[in-house]
Amino acid sequence: MYPFEEAPLDLILGIVLYWLLIGAAGLLRPASLRFVSRVLFPMGALGGLLLVIAALTAVRLDPASMVLPLGLPDLPFHLRLDALSAFFMVLVGAIAFGVSLFSVGYFRSGEGALPGLLCLQYHVFLSSMVMVMLADDAYLFMVAWETMALSSYFLVTTSHRIPEIRRAGFLYLLIAHIGAIALLLCFGVIHGEAGHYAFDALRANSLSPFWGSAAFLLALAGFGAKAGLLPLHVWLPEAHPAAPSPVSALMSAVMLKTAVYGFLRVGFDLLSAPLWWWGVTALVLGLLTALFGVMFAAVQSDMKRLLAYSSIESIGIIFAGVGLAMIFHTYHNPHLAALALAATLYHCLNHAFFKCLLFLGTGSVLHATNERNLGRLGGLMRTMPWVAGFSLVGALAIAGLPPLNGFVSEWLLLQAFLFSPGLPNPYLNMLVPLGSAALVLAAALSGYVMVKFYGVIFLGQPREDKLASAHDAGGWERCALAWFALGCIALGLFPMAVILMLDHVTSLLVNFSLSSVTSGRGWLLFAPIAAQRASYGPLFFLLGIVGTLAVTFLAVRAFYHGRLRRGNAWDCGFPAQTSRMQDTAEGFGQPITQIFEPFFRVRREMPDPFSRTPVYFKTNEDRIWYWLYLPVAHAHERIASWIGVLQHGRIHIYLLYSFATLLALLLFVR
Amino acid sequence: MSTSAQLINLMASLMLLIAFAMLAQRRIKSLIYLFAWQGLVLAANSLIVGWYTGHHELYLSAFFTLLLKVMALPLVLHYLIRRLDIQWDVETLINIPATLLAGIVLVVFAFNLALPISQLAGTITRGTLGIAIAVVLLAFLMMITRRKAVPQVIGFLAMENGLFFAATSATYGMPMVVELGILLDVIVGVLILGIFFFQVREAFDSLDLKHMEKLKESDP
């Protein structure tokens with residue numbers, strides 16, 4: 001039943017090599033779009049499928065390790081494949097398969113970089129993500145991590161002729177490097193006095209609470225920068241709209257998860273003695289990020305920017321879950337720790353699937369209409385029925401409606417929040433229910449965001465004339481969208497299968513497997529704590545929904561058959577109905593802007609009542625940009641100009657500098 | 001005090017004297033002569049130290065110094081200033097007496113600095129370490145106060161002389177490999193600077209370094 005049982009690690013390495021070769025093959029005929037898209041990308045997709053199979057096998061096996069004779073002399077690359085990395089590789093493989101399929105039909109000629117280069121960067125990106133997860137020493141980890149950052153930078157700046165895209169790419173690269181520096185310091189701190197940088201040596205190194213905390217905070221900053229945690233999130237809403245849609249899908253779905261992987265690896269695996277406030281920090285930061293992300297998603301009018309903020313929200317929820325798991329772990333409550341961890345990992349998988357689906361859907365819309373602005377879209381359901389149908393699945397899943405997958409993970413996480421019995425810390429007992437309230441708020445608002453996203457793009461009337469000629473996605477793209485939509489449905493319908501897989505991860509990290517309490521209930525009912533407390537039967541929900549729909553359909557058919565009347569949408573008796581009378585994206589976000597106004601930096605331009613060409617616009621900007629980033633940038637410029645004073649251009653003055661330095665040093669050392 | 005020690009001290013004081021003379025000299029051609037004399041004194045010093053202490057590799061070092069610093073480099077520099085036609089240029093120095101006073105302060109500083117080191121060193125030449133440091137600093141001062149490019153190069157070479165002298169007086173010379181390496185560096189440096197002079201001359205029509213002040217970031 002499980003092929004490659006002997007050596008999944010070899011197979012995975014083979015896939016990495018295979019992807020690199022495909023990337024190199026792109027350079028053979030770099031300008032030929034046909035060769036790259038019709039031959040190389042389908043081959044890459046095959047690699048993704050193989051990776052899923054290999055990783056699914058590896059999840060259940062004991063950890064395997066290997067030393068590669070690469071790297072510096074005396075500093076070889078260590079590889080290790082355990083349940084945690086295998087789980088994240090399932091995610092990489094599944095997403096890579098779908099996105100590669102989509103890319104076959106997506107890329108057009110004449111868009112920025114040559115197709116061959118794009119193919120190279122894309123496959124290097126995929127391989128580096130796998131290598132990040134395989135790495136078993138800090139050296140290889142950082143090498144793969146930086147390769148990932150660089151290749152994705154080049155992918156983001158595919159259309160490098162546009163200045164805004166170069167700017168977005170620069171911002172991304174800058175924050176990626178700030179994060180990388182934090183990680184480097186983090187590994188340095190964990191390393192301490194240990195002999196070398198293999199993870200085994202780091203694990204064995206017991207740190208004092210101070211240095212352990214320093215390492216944890218550095219890891220939070222480093223992985224948070226890559227994932228988009230609160231103060232370091234600014235690159236996400238810039239880079240995602242700049243990148244081509246398959247790339248933003250890949251970055252949002254997989255690259256952010258590598259940060260989650262790294263955080264779990266460091267927080268649960270390498271740092272052996274966690275302190276209770278570590279988890280609280282991650283929890284609070286995650287919840288703030290989630291609320292922030294969803295609030296900003298609600299007021300966006302660019303569809304990819306909206307999805308980027310929605311990714312920030314999901315990452316916030318995931319980090320909150322990790323924090324919760326850490327809290328339970330430090331208080332020696334393995335059952336709840338395993339529950340929170342499983343919910344978090346489940347959410348990673350779900351987020352990857354539905355966010356990919358939506359990003360790819362926006363890619364198809366973008367290609368069909370050349371429009372990212374929600375204010376110029378609308379009514380695409382008629383011209384793009386396939387994309388609309390699949391996107392509906394994704395939108396419902398993000399909104400967290402049963403029986404789709406978003407519901408399961410959020411429900412599980414809420415269980416972990418709500419059923420936390422008295423922790424030994426009274427403040428935490430107060431905080432955790434507050435956290436669950438914040439989580440529910442974020443989940444509800446994300447439903448609101450999805451109504452806006454889907455309603456404004458696909459429903460109503462077209463807001464521009466050119467939308468009438470929009471064409472639906474091609475066959476390859478439909479296949480990819482169907483893959484992700486089916487994934488969303490399957491992950492929602494069969495939670496037990498996923499939990500069985502996650503068991504290997506949770507027993508690795510927190511020594512508890514959930515199925516020991518949930519098994520025996522079968523596939524129908526899923527009760528993570530105990531059967532009498534809470535259980536969820538997705539198939540019953542599905543049956544209920546299908547049944548209600550069928551009954552309604554039949555009833556409508558029976559009672560109203562033949563008396564169907566077609567009219568204009570929202571035609572409330574007004575004879576002159578234009579598409580401009582519909583609710584706009586800004587209008588839909590208005591209540592959120594009103595309620596949460598202090599969080600935004602709102603700029604309104606009201607028209608003059610007597611103006612003949614009235615202009616109205618409103619922008620919602622991020623306050624953090626003005627509070628944190630601009631002051632830092634200005635301070636940097638000021639310091640640079642002070643230092644610039646030293647530069648006179650006269651050789652004598654420069655010599656005088658070194659002379660004075662020499663004298664000062666001589667005085668100092670004597 | 002033995003004759004050799006007295007000779008060594010004489011050489012050291014000659015070094016210092018020549019360093020001051022270079023600091024005060026306005027003509028480029030005379031500056032090159034002074035540089036050659038300094039080299040000669042340096043070579044003689046190495047010879048005396050080598051003979052007295054029995055470190056015979058110092059003879060070799062003296063020979064190289066003679067070859068390079070007394071003959072080759074001054075010849076190259078003479079050739080350069082002839083080609084560039086700046087033999088008789090008089091450099092406008094900023095206030096020579098003030099520079100000399102600053103030089104005296106530097107010498108006091110250098111002696112002060114060398115005192116603890118010479119007490120530790122067991123060499124016969126230990127008294128001259130202060131002078132060696134003073135020669136280095138005076139050459140540096142000369143580089144700072146000169147406007148034209150060629151005197152600056154001579155200042156650089158004189159500084160190298162001072163370093164050599166310091167090495168001889170503190171530890172009876174550097175290891176041969178290091179010494180040869182430094183000599184080679186000096187040759188290459190002078191060659192590059194020679195080419196550089198012609199380029200500067202072509203670009204600016206003069207060797208005055210004030211023309212290079214444009215090479216800085218303009219104010220925003």
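1. Let's start with a helix in chain A. In H5(A), the buried residues are A:Ala138, A:Leu140, A:Phe141, A:Ala144, A:Trp145, A:Met148, A:Ala149, A:Ser151, A:Ser152, A:Phe154, A:Leu155 and A:Val156. An α-helix has 3.6 residues a turn, so residues three or four places apart point the same way. Keep in mind that this is a predicted model.

2. How long is that helix? H5 of chain A covers residues 138-156, and its end C-alpha atoms are 26 Å apart. With 19 residues at 1.5 Å a residue, the span should be 27 Å, so the two values agree.

3. Next comes H10 of chain A, residues 245-270. This helix has 26 residues and reaches 35 Å from its first C-alpha to its last, close to the 38 Å expected at 1.5 Å a residue. Look at A:Met251 as you follow H10(A): a kink of about 35 degrees is centred there.

4. Now the core. The largest nonpolar core has 222 residues, and A:Phe87, A:Ile95, A:Ala340, A:Ala342, A:Cys356 and A:Leu357 are those with the most contacts inside it. Helix H13 of chain A (residues 334-369) gives the largest share of this core, with 22 residues. There is also a second, separate core of 59 residues, which includes B:Ile28, B:Ala149, B:Ala158 and B:Met159.

5. Which residues is A:Ile95 in contact with, leaving aside its neighbours within four places in sequence? They are A:Leu250, A:Ala253, A:Val254, A:Ala352 and A:Cys356.

6. Chain A has a strand pair worth a look too. Strand E1 (residues 64-72) and strand E2 (residues 75-81) run antiparallel and are joined by seven bridges. At one pairing, A:Ala64 has A:Leu81 as its bridge partner in E2(A); at another, A:Leu72 stands opposite A:Leu75. Together E1(A) and E2(A) make a hairpin with two residues between them, and in the turn A:Asp74 has a positive phi of about 65 degrees. Five of the seven residues of E2(A) are buried, so this strand is largely enclosed by the rest of the structure.

7. Is A:Gly26 buried or exposed? A:Gly26 has 26 other C-beta atoms within 10 Å, and 20 or more count as buried, so A:Gly26 is buried. Not counting residues up to four places away in sequence, A:Gly26 touches A:Val36, A:Leu40, A:Gly116, A:Cys119 and A:Leu120. A:Pro115 is 89 residues from A:Gly26 in sequence, yet their C-alpha atoms are 7.6 Å apart in space.

8. On domains: chain A is divided into domain 1 (1-264) and domain 2 (627-669). The centres of these two domains of chain A, taken over C-alpha atoms, are 39 Å apart.

9. Finally, chain B. Of the 220 residues in chain B, 39% are buried. Among contacts in chain B with a separation of 6 or more, 75% come from residues 24 or more positions apart.

Methods. Residues are numbered from 1 along each chain as its sequence is written. Chains are lettered from A and ligands numbered from 1 in the order in which they are written. This is a predicted model: local features need pLDDT of at least 70, side-chain atom pairs count only at pLDDT 80 or more; totals for chains, interfaces and linings use all residues. A nonpolar core is a set of buried Ala, Val, Leu, Ile, Met, Phe, Trp, Tyr and Cys residues joined through C-beta atoms within 7 Å. A residue is buried if 20 or more other C-beta atoms lie within 10 Å of its own, exposed if 12 or fewer, and partly exposed in between; C-beta atoms are placed from the backbone. Helices (H or I, at least four residues) and strands (E, at least two) are DSSP runs, numbered from the N terminus. Two residues are in contact if their C-beta atoms, placed from the backbone, lie within 7 Å. Domain bounds come from an automatic or database domain assignment. The expected span of a helix is 1.5 Å times one less than its number of residues. The bend at a residue is the angle between axes fitted to the seven residues ending there and the seven starting there. Two strands pair if DSSP finds at least two bridges between them.
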